[in-house]
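Please look over the structure shown here. The briefing below goes through selected features by topic.

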Amino acid sequence: MKANVNIEFCGKKVVVKDLEEEAKFVWKDAGKKIKDIKELDLYYKPEEGTCYYVVNGTETGSFPVEGK
C-alpha cells in the first residue's frame with residue numbers, strides 16, 4: 001500500500017513527499033551523498049513555515065516551506 005500524506009494549514013497545502021525531496025536536495029546541495037542517508041526524520045512546523053530534519057539520528061538542518 002502506498003499512502004499520500006498532505007498537510008493543510010491556513011489555506012496552504014504541503015505534500016509530505018515534497019518535504020522529503022527538498023530535504024534530500026538540501027543534503028546534496030551541502031556536498032553530501034544521498035546514498036549516505038539511512039534514516040530521515042522530518043519535523044514540519046507550519047506556523048513557522050519551516051521543516052527541520054535529522055539525518056541518521058545525528059545531522060540536523062532546516063529549510064523554508066512555502067506551501068501551495
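Cys51 is buried, at 0% relative accessibility; buried means under 20% relative accessible area, exposed over 50%, and partly exposed in between (1.4 Å probe, protein chains only). The model is a predicted one, in which local features need pLDDT of at least 70, side-chain atom pairs count only at pLDDT 80 or more, and totals for chains, interfaces and linings use all residues. Residues are numbered from 1 along each chain as its sequence is written, and side-chain values use heavy atoms, with hydrogens and water left out.

**Cysteines**

- A search of the whole structure finds zero disulfides, a disulfide being a pair of cysteine sulfur atoms within 2.5 Å.
- In general, a disulfide is a covalent bond between the sulfur atoms of two cysteines.
- The closest cysteine sulfur to that of Cys51 belongs to Cys10 and is 17 Å away, which is too far for a bond.
- Cys10 is exposed, with a relative accessible area of 68%, whereas Cys51 counts as buried.

**Overall build**

- Read from the N terminus, the order of the elements is β-β-α-β-β-β.
- The C-alpha trace spans about 35 × 30 × 20 Å along its principal axes.
- Of the 68 residues in the chain, 19% are buried.
- Contacts (heavy atoms within 4.5 Å) can be sorted by sequence separation: among those between residues at least 6 apart, 28% join residues at least 24 apart.
- The accessible surface of the chain is about 5100 Å², and carbon and sulfur atoms hold 50% of that surface; accessible areas come from the Shrake-Rupley method with a 1.4 Å probe, and for residues only the protein chains shown count as cover.

**Largest pocket**

- The largest pocket has a volume of about 200 Å³.
- A pocket is found on a 1 Å grid over the protein atoms alone, as an open set of points where a 1.4 Å probe fits, with protein on both sides within 12 Å along at least five of seven lines; lining residues have an atom within 4 Å of a point.
- Grid points are joined across faces, edges and corners, and the volume is the space filled by probe spheres set on the points.
- Residues that line the largest pocket include Lys13, Asp18, Phe63 and Lys68.
- Strand S2 (12-15), helix H1 (16-29) and strand S5 (59-64) each give two or more residues to this lining.
- The lining consists of six nonpolar, one polar and five charged residues; Ala, Val, Leu, Ile, Met, Phe, Trp, Tyr, Cys and Pro count as nonpolar, Asp, Glu, Lys and Arg as charged, and the others, Gly among them, as polar.

**Loops**

- Most residues other than glycine have a negative phi.
- Cys10, in the loop between strand S1 (6-9) and S2, has a positive phi near 50°.
- Asn56, in the loop between S4 and S5, also has a positive phi, of about 55°, and is partly exposed at 30% relative accessible area.
- Pro46 sits in the loop between strand S3 (40-45) and strand S4 (50-55) and is partly exposed, at 24% relative accessibility.
- Pro46 and Val14 are 32 residues apart along the chain, and their C-alpha atoms are separated by 9.0 Å.

Definitions and conventions: Helix = DSSP H or I, 4+ residues; strand = E, 2+ residues; numbered from the N terminus.
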